[in-house]
Amino acid sequence: MATQLPMGTLAAVCVVHAVKPDAGRVGRTAIDKRPVDGPVQVEPLGLFGDTQCSTEHHGGPEKALYAYAREEAARWAAELGRDIPPGFFGENLATTGVATSDAIVGELWRIGDTVRVRVAKARTPCATFGRRMAEPRWVRRFAERGDCGAYLAVETPGSIQAGDAVTIVHRPSHGLRVRDLFAAKMGTVIDPEPLRAALSAPEKLSISVVETLQRALESH
């Protein structure tokens, strides 16, 4: 359905600060994202000046940008007793007032005046993220909370910067949230109805999302 729902703002736009050595198979990581000043160009595969090292699991059209809510980062900071600055979780877009994990899969956002992005996938925590955090059982703890943040596909490129408004311009009727998709991928679905509803809704889901939902329903 067409809509115009103001949500929140960009607290920061983050790109890789430095590619660093990593103990994983790839041997390096670009998870160290940090805020940049001024406008940043959004391109079909992400932000100008950003990069990914493990391209098998990161990047691509449906993972062009990663958005994570500052409210949830603050919750983790309080729990862990340490600062979690924008970009520390590897996010490109640090938001305020935007419930990234409760966004509807397929939701279309306008950022600033021209950029449009589509909510595409849930972030799955990986071992690199665990090493970055150096917290006991970090990957499992992050997964269990379910506030995974959203991967975004770029529908309309352009320029964005911190302080830009984030507005919903289209919200699908199926109601499948990013956290529902994450639960389906992790095999922790409690209620299968949102998954069935999404598969039978008129809105077209991506092939990868459909496959994730089908596998979850088959194993439920």
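R145 pairs up with E72 in a salt bridge, with their closest N and O atoms 3.1 Å apart. R145 sits in helix α3 and E72 in helix α1 (residues 70–80), so this pair ties together parts that are 73 residues apart in sequence. Keep in mind that this is a predicted model.

**More on salt bridges**

- Searching the whole structure turns up 20 salt bridges.
- E72 is buried, at a relative accessible area of 10%.
- E72 and R145 also belong to a network of salt bridges, along with R75, E79, D102, R141, D147, R177, R179 and D180.
- R132 and D32 meet through their side chains in another salt bridge (3.5 Å, N to O). Here R132 is in helix α2 (residues 127–133) and D32 is in the loop between β3 (28–29) and β4 (33–35), 100 residues apart.

**Helix α4**

- Seven of the nine residues of α4 (residues 178–186) are buried, so the rest of the structure largely encloses this helix.
- Those buried residues are V178, R179, D180, L181, F182, A183 and A184.
- Their cover includes β10 (115–122), α3 (138–145), β11 (150–156), α5 and α6.

**Where α5 meets α6**

- The axes of α5 (residues 193–200) and α6 (residues 207–219) come within 10 Å and cross at roughly 140°, which makes the two helices oblique to each other.
- Their crossing is left-handed.
- On the α5 side, L195, R196, A198 and L199 make the contact, and on the α6 side V210, L213, Q214, A216 and L217 do.
- These contact residues split into seven nonpolar, one polar and one charged.

Key. Residues numbered from 1 in each chain as written. Predicted model: local features only at pLDDT ≥ 70, side-chain atom pairs only at ≥ 80, totals over all residues. Heavy atoms only, no water. Axes fitted to C-alpha atoms, helices over the stretch in contact; angles between N-to-C directions. Helix = DSSP H or I, 4+ residues; strand = E, 2+ residues; numbered from the N terminus. Parallel < 35°, antiparallel > 145°, perpendicular 65-115°, else oblique. Left-handed = near helix turned anticlockwise from the far one by under 90°. Contact = heavy atoms within 4.5 Å. Nonpolar A, V, L, I, M, F, W, Y, C, P; charged D, E, K, R; others polar. Buried < 20%, exposed > 50% of the residue type's maximum accessible area, 1.4 Å probe, protein only. Salt bridge = Lys/Arg side-chain N within 4 Å of Asp/Glu carboxyl O.
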